[in-house]
Number of protein chains: 2
Amino acid sequence: MIISIIGIGLIGGSLAITLKENGFAKKIIGVDINPDNIDKAYRRHLIDEDMELENAIDNSDIIILSTSVDVMLKLLPRILDRVDKQIVMDVGSTKISILEKVKNHPNRKNYVASHPMAGTEYSGPEAAIPNLFDNKCTVICDKENSSAEAVSKIESLYQSIPMSIVYLDSESHDIHTAYVSHISHISSFALALTVLAKEKDENRIFELASGGFGSTVRLAKSSPDMWVPIFRQNRDNVLDVLDEHINQLARFRSLLIKKDYDSFYRLIQESNEIKRILK
Amino acid sequence: MIISIIGIGLIGGSLAITLKENGFAKKIIGVDINPDNIDKAYRRHLIDEDMELENAIDNSDIIILSTSVDVMLKLLPRILDRVDKQIVMDVGSTKISILEKVKNHPNRKNYVASHPMAGTEYSGPEAAIPNLFDNKCTVICDKENSSAEAVSKIESLYQSIPMSIVYLDSESHDIHTAYVSHISHISSFALALTVLAKEKDENRIFELASGGFGSTVRLAKSSPDMWVPIFRQNRDNVLDVLDEHINQLARFRSLLIKKDYDSFYRLIQESNEIKRILK
């Protein structure tokens, strides 16, 4: 299988490593408008060859679109315009916008909308790592609008890693990811700003910060180039969840103000319920 | 050195493992009002012997107080009433209350207030692990009120692990920990409640939650028995930081409502500054 990866960053690069290593891809073609990324991708052996977009499409069996989600909206129609038998998949964190964009495209059936649920706070080809996706979960959206052959190929791709597959409609996907991914990022960004705003003596942060702080604030290192387009496309769901999150914080605040530590205790107990779900 | 550990949980138990393994402690005496904890501590080889508090004090060189911070307020005066040459240290996450409690105690100089900055979201003797403290940082507070000999003994204890030592007054300690530890916990509790409140289909949370969600919500598994007393004692500082955190979230919210994605981008860039501080 010859696979083109459009956008060789954390996700595209990590998929390149994985699919080459497990033999699913015979050859990886890299496409990136940033020549630095292509250089880095060669030096890290992420790609075998680089091409312009049109050439890459013509020479591939599968095209993986792994740019930021705003760029995907521009590239996907262009790619579908040109495909013949090639299968196209994206790895974007939002699904309603992109599916809306190509819903009437004559080659819509060649495209499979997917979202592998894995990542780190780092970006670029230098952030690509092996095993990022191992045993994680991927979502395939609105699969009834893709051809059975296209879905089956993309399923084998993910199963080769291996990843488990969940099927969702795009509306559900965008709501669920607002809960389990997008809000965590806003929470981390805000926590970083809180500490930076309040804490003048930076060495103290560095010295005293233990694992707990590190893990809640880790996502605050994430790139705005990747995340702003996600928040833009999933704005309404993110706003809903953000409102709920601010309300929950306000409950803790109000109990502290009232010194109602019994209710505060029960609220923490309630939140401990997350143990049932997240081992 | 014979060391008594009062409260054999995550912190006390992990210190027991470490100080026995590195040879600093010849014998570990465990004290815990919960007989289950004593049982577990024996079965996990955390302690060599168990005793009543008074006996343990009489038979130790160093007494480590590692209960929740509310219980410490009751036990520390009782322990200091009885000590002769023994050195007492605590490992509590708040320092103003406990230091206020014993400031006029005739044996105040036998006590060193400390806070090793390490932990996990788990609690109890079963949560005790080796290497929890390795190369982390510990705080010693208001050391001028402890005898030079007491400080020096506790310094050797921490250096044996090894941990680096930061010296702070108790006011600074309680402010700093509100920033780098206590607010992270409230943020995680609130995030867990947000997701639990919004998300009815629990399997979906479990399936789709990736590393990012897991790390921001991990602390929400923490025990209210440990944390409510901390929030009670550090209420004013925690409220300050919580207000700031809610304000920061409100900034993100307001920019989303206005669809001002350029400012949203800049806000994320600002929060990325945490990279400078937290490697």
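The structure is a predicted model, in which local features need pLDDT of at least 70, side-chain atom pairs count only at pLDDT 80 or more, and totals for chains, interfaces and linings use all residues. Residues are numbered from 1 along each chain as its sequence is written, while chains are lettered from A and ligands numbered from 1 in the order in which they are written. Helices (H or I, at least four residues) and strands (E, at least two) are DSSP runs, numbered from the N terminus.

**Helix H1 of chain A**

- H1(A) is mostly covered, with 9 of its 12 residues buried (20 or more other C-beta atoms within 10 Å of a residue's own; 12 or fewer is exposed, in between is partly exposed, and C-beta atoms are placed from the backbone).
- The cover over the buried residues of H1(A) includes strand E1 (2-6), strand E2 (27-31), helix H2 (35-43), E4 and helix H6 (148-159) of chain A.

**A:Leu15 within H1**

- A:Leu15 lies in H1 (residues 10-21) of chain A and counts as buried because it has 28 C-beta neighbours inside 10 Å.
- Leaving aside residues up to four places away in sequence, A:Leu15 touches A:Ile5, A:Ile64 and A:Ser66 (contact requires C-beta atoms, placed from the backbone, within 7 Å).

**Helix H4 of chain A**

- H4 (residues 69-82) of chain A has 14 residues and reaches 20 Å from its first C-alpha to its last, close to the 20 Å expected.
- H4(A) bends by about 30° at A:Leu75, and A:Pro77, a proline, follows within four residues; the bend is the angle between axes fitted to the seven residues ending at a residue and the seven starting there.
- Buried in H4(A) are A:Val69, A:Met72, A:Leu76, A:Ile79 and A:Leu80.
- Among the elements covering these buried residues are helix H3 (53-58), strand E4 (62-65) and helix H10 (224-233) of chain A.

**Contact between the chains**

- In total, 80 residues of chain B are in contact with 81 residues of chain A.
- H7(B) gives the most to the side of chain B that touches chain A, with 21 residues.
- That side of chain B divides into 45 nonpolar, 20 polar and 15 charged residues (Ala, Val, Leu, Ile, Met, Phe, Trp, Tyr, Cys and Pro count as nonpolar, Asp, Glu, Lys and Arg as charged, and the others, Gly among them, as polar).

Technical notes:
The expected span of a helix is 1.5 Å times one less than its number of residues. Two residues are in contact if their C-beta atoms, placed from the backbone, lie within 7 Å.
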